[in-house]
Amino acid sequence: MPLVDRIIQYMQSQQGERIVLQADQDCVIFRPGGASASVPQRLSLSQISSMLNEIMPDDFRPKYAAGESFAFPYAQPGGPVNVEVSQDNGAIRVSIAGSNGQGPAGTASAPAGGSPTYEAPSKAAAAAAAVPTGPKRRPPHIDELFRLLRDMEASDLHLSSKETPMVRVHGIMQKLHQYEVNDPDWLKDLLFQITPQRNQEEWEQDHDTDFAYELEGVARFRCNVFADRHGIGAVFRLIPTKIVTVKELNLPPAVIDLCFLSKGLVVVTGPTGSGKSTSLASLVDHINKHREDHIITIEDPVEFVHENINCLVNQREVHVHTNSFSRALRAALREDPDICLVGEMRDLETVAIAIETAETGHLVFGTLHTTTAASTVDRIIDQFPADQQEQIRIMLSETLKAVIAQTLCRTKEGRRVAAWEILLIDPASANLIREGKTYQLPSMMQIGKGRGCVTMNDSLFAHVKAGRVEPKEAYIKAVDKTGILQMFEKAGIPFTLSHNEA
């Protein structure tokens, strides 16, 4: 049943003759005689837009896109209604009433088992899952998709040739059914509306390119444009304009304390999309508020924008302000930094300079795409030739201060929550790194719980025990699957593996 029909059915059950909908405000039902009542159900702008796209005649779509006000009839099961749409500077007000102003014709038919009810769907469900009954369309500008991405609380927008636009909402891919399948030539024109000239040339030559785009009042976006077997495609990651604080992110105290180190290397790891950039931005923001230092960030591209608060923050973008991470990091040694953030330690030279920078008395934050603390240490060392690894072990044992591995788990409510593995380096852990006994680091995390160390299994298990995450989700995210199964069994948490999951 279309969303609008459910809304009308609910209005009828409340003996209403007209209902008024405004984004993020309580719905208001007007009854005969002028009486009105607010209904504590709210729709987002994207939900209202999706509802209108389901029922709006084609003749009125240009007016809607231009921000004009208009009205049209809609034939719903209970009888014809008038839909009035008022738009003012991006705000939308929708009024639905019977064709004679006295409410929809007919009597509301209650479903089996009781009176008709209207439950407002989630933002994602109403905006992405609703299949329009009218003709599909093309967005006039890509900014329309970015606004929809924001309103749906989605993290990524996927545009592929010969495919419907898709978004990722709390980890789940969903199609935007109100839009047409992307034609390759049309999609290229749409993407190049915002692609800088340098990146257009890079795409023509190499068939992929990265850049950042900011839509004022909405968000920044990390953009990747690529080519595949069907033609051009792109993925856009939404970077919120507002930086989430360490308190809002619920970062562990042991991680927050790393902001006050005077020197050393802190590595944040995890798979793509695990929230590494968000966590690092929160830490830099905390430093910016509580220290008086010089911060240099090296990113590809610049994601979260940091204004100067108590610190001076210089943000450099690879391929725009510098040629490479390694070149920018080497130059940073001559730029009087206190803290350096390296967006990606993707090659041996960058890793070597990061360790050198930490060794010379600076605090360095960096990222890797590893999954555990122990594997992170091994990954750093293994990048170097065999004849240099002994020296790197010694340097790393003296400079590495912490490894934070994180992943995102889907909660029972359909949102996502972070699970952390935290390795804080003490003299005993440093000695294990120096001697090449990194396989013993998980045991050191167990011993160091009092200092703030946490294993990934302990973090996942805590979410399950608190009722936030299903046991199956924790099992999927766990690296040590045998270990977490033993924790479930010991705690009496029922969990059975299917044949395909075993």
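**Backbone geometry and a helix pair in a predicted model**

Reader: In this predicted model, where is Asp336 found, and is it exposed or buried?

Author: Asp336 has its place in the loop between helix H10 and strand S16, the latter spanning 339-342. Although Asp336 is not a glycine, its phi is positive, at about 55°. Because exposed means over 50% relative accessible area, and the relative accessible area of Asp336 is 61%, this residue is exposed.

Reader: How is His319 classed by its accessible area?

Author: His319, which is found in the loop between S15 and helix H10 (325-332), is a residue other than glycine with a positive phi, near 75°. Its relative accessible area is 39%, and since buried requires under 20% and exposed over 50%, His319 is partly exposed.

Reader: How are H12 and H13 oriented to each other?

Author: The axes of helix H12 (residues 373-382) and helix H13 (residues 386-399) come within 9 Å and cross at roughly 135°, and the crossing is right-handed. In their contact, Val377, Ile380, Ile381 and Asp382 of H12 meet Gln389, Ile392, Arg393 and Leu396 of H13, a set that divides into 5 nonpolar, 1 polar and 2 charged residues. Because an angle has to be over 145 degrees to count as roughly antiparallel and between 65 and 115 to count as roughly perpendicular, H12 and H13 are oblique.

Conventions
Residues are numbered from 1 along each chain as its sequence is written. This is a predicted model: local features need pLDDT of at least 70, side-chain atom pairs count only at pLDDT 80 or more; totals for chains, interfaces and linings use all residues. Side-chain values use heavy atoms; hydrogens and water are left out. Helices (H or I, at least four residues) and strands (E, at least two) are DSSP runs, numbered from the N terminus. Buried means under 20% relative accessible area, exposed over 50%, partly exposed in between (1.4 Å probe, protein chains only). Axes are lines fitted to C-alpha atoms, for helices over the stretch in contact, and angles run from 0 to 180 degrees between N-to-C directions. Angles under 35 degrees count as roughly parallel, over 145 as roughly antiparallel, 65 to 115 as roughly perpendicular and the rest as oblique. A crossing is left-handed if the near helix is turned anticlockwise from the far one by less than a right angle, and right-handed if clockwise. Contact means heavy atoms within 4.5 Å. Ala, Val, Leu, Ile, Met, Phe, Trp, Tyr, Cys and Pro count as nonpolar, Asp, Glu, Lys and Arg as charged, and the others, Gly among them, as polar.
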